[in-house]
Amino acid sequence: MNPKDFKPNDLDSVATGSRSTRREWLQRTMAAAAFLPQVFPGGPGGWGGRGRGPMRPRRTVDPSKIPAYKYRILPVGRFAELQKEYDAAKNNAQLGRQKMYLDQIASLNFKVPADFPSAKSVVVVAAYSKNMYSNFKLEGTAHRILIPFQYYTDDYNSDRLKAIVQKEIIKTPGRRVMDISSQIPLKLLAARSGLGRYARNSLVFVDGMGSYNVLYAFLTDHPFTEDHWTNLEILEECNHCHACVRTCPTRCINRWNYSTNIDKCLTLYNENPGEFPNYFLGSMHHALMGCMQCKAPCPANEGIAELSGNLEDVSEEETRKILQGAPDDALLKSLQRKLRQFRPTASREQFPILKRNLSVLIRT
Ligand code: SF4
Ligand code: SF4
């Protein structure tokens, strides 16, 4: 089957997700809309070449050449068809069966909000973002901990992108723009608008920024003439590659049919409260939240995955308080600033997630 011809019932999907911060909501809605053909160019299965042949150094990318954002436009008249595809995936349990996750995506839909009946188009935006590290100091050692790109607030946030949509994309003063990123399945929207392509690891890749993108959707009453509706496509690099299948610590990426089992994904568990399942080994944890193991080795992220920045250090006293699970207002405030609104620093209720996640990374 040509991937351009596949139907909703041919789809598989996956997700990662959590509740709370805007960026995490965005990532979750991205994941919620993963629709993947089970038959793809090059045939199902097969052994990926990368990682099994002789290694060559990964190329480097000039960060200034990575686009800060990209966008596509769809008329809201496309929403009915998108909803149908999304419903088909949900009804086929393609979004997983884990209640924790299903609860999180329950409200997502392709409906025009009741308070914006004059909406005409949606502008789908992908903003590039890179991983960050922070040194958590303890007993004379600086533990360099990864904070993946989805979990801190960077410069291209919702407010800034909304202003860009108004001034640089719509350009006509007086148009209404509404951020609906937390209400809509973003990955399907991005794929159907031609902004990105699905990959074996169920992420959406955007040309020039790979999977290091955060998706947004802005509804507007501006009458765009553009309609970027596109057939769903699979990332070309996946045809001869299974690197992510091999590096996924919980083996939840399906080798044969481009689907991922969200119910086993590390991200679902380290974003949410509660104990980790007993089949998660301590060595599987490598980030303060989320998991980058299916993104880092990907050839489509070559040179992009290697880029990172640094957040402020977390002091010995702060690290000790985190590990003791003893937050006070001053600690929360300091960590919110240092870790740029990392969600578990938002409140005492969220704080146990930070304690648990840091504890498995700094084994004292
Ligand atoms: S590592 Fe990247 S290119 Fe390779 S199969 Fe996974 S998503 Fe596709
Ligand atoms: S590598 Fe990590 S994020 Fe990717 S599917 Fe596996 S557990 Fe989930």
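Analyst: Of the contacts in the chain between residues at least 6 apart in sequence, 81% join residues at least 24 apart. The model is predicted, and its secondary structure comes to ten helices and eleven strands. The chain has 364 residues, and 44% of them are buried.

The part to look at is strand S4, residues 121-128. The largest nonpolar core has 88 residues, and S4 gives the most to this core, with seven residues. The residues with the most contacts inside the core are Val-124, Val-125, Ala-126, Ile-147, Ala-190 and Ala-217. As background, nonpolar side chains tend to be buried together in soluble globular proteins.

How many residues of S4 are buried? Eight of the eight are, so S4 is largely enclosed by the rest of the structure. Burial holds for both directions in which the residues point: Ser-121, Val-123, Val-125 and Ala-127 go one way, Val-122, Val-124, Ala-126 and Tyr-128 go the other, and all are buried.

Leaving aside neighbours within four places in sequence, Ala-126 is in contact with Tyr-69, Lys-70, Ala-190, Leu-195, Gly-196, Val-206, Met-209, Asn-213 and Leu-215. One of these contacts, Ala-190, is also among the core residues with the most contacts.

For contrast, consider two loop residues. Asn-157 is found in the loop between strand S6 (141-147) and helix H4 (158-170). Asn-157 counts as partly exposed because it has 15 C-beta neighbours inside 10 Å, whereas burial would need 20 or more. Asn-157 and Tyr-216 are 59 residues apart in sequence, and their C-alpha atoms are 9.3 Å apart in space. Pro-273 has its place in the loop between helix H7 (266-270) and strand S11 (308-310), and it too is partly exposed, with 14 other C-beta atoms within 10 Å. Beyond four places in sequence, Pro-273 is in contact with Pro-352 and Ile-353. The C-alpha atoms of Pro-273 and Ile-353 are separated by 5.6 Å, although the two residues lie 80 apart along the chain.

The model also holds ligands. Ligand 1 is surrounded by 15 residues, the closest being Ala-199, Cys-238, Cys-241, Cys-244 and Cys-298; its shell divides into ten nonpolar, three polar and two charged residues. Around ligand 2 there are 14 residues, the closest being Cys-248, Cys-265, Cys-291, Gln-293 and Cys-294. The shell of ligand 2 has eight nonpolar, six polar and no charged residues.

Last, confidence. The chain averages a pLDDT of 87, and 84% of the residues score at least 70. Over residues 1-20 the pLDDT is below 50, yet this stretch has 78 contacts in the model beyond near neighbours in sequence. Residues 29-51 stay under 50 as well, with 85 contacts beyond four places in sequence. Where pLDDT is low, the predicted coordinates should not be read in detail.

Methods:
Residues are numbered from 1 along each chain as its sequence is written. Chains are lettered from A and ligands numbered from 1 in the order in which they are written. A residue is near a molecule or strand if its C-beta atom, placed from the backbone, lies within 6 Å of it. Ala, Val, Leu, Ile, Met, Phe, Trp, Tyr, Cys and Pro count as nonpolar, Asp, Glu, Lys and Arg as charged, and the others, Gly among them, as polar. Helices (H or I, at least four residues) and strands (E, at least two) are DSSP runs, numbered from the N terminus. A residue is buried if 20 or more other C-beta atoms lie within 10 Å of its own, exposed if 12 or fewer, and partly exposed in between; C-beta atoms are placed from the backbone. Two residues are in contact if their C-beta atoms, placed from the backbone, lie within 7 Å. pLDDT is the predictor's confidence in each residue, from 0 to 100. A nonpolar core is a set of buried Ala, Val, Leu, Ile, Met, Phe, Trp, Tyr and Cys residues joined through C-beta atoms within 7 Å.
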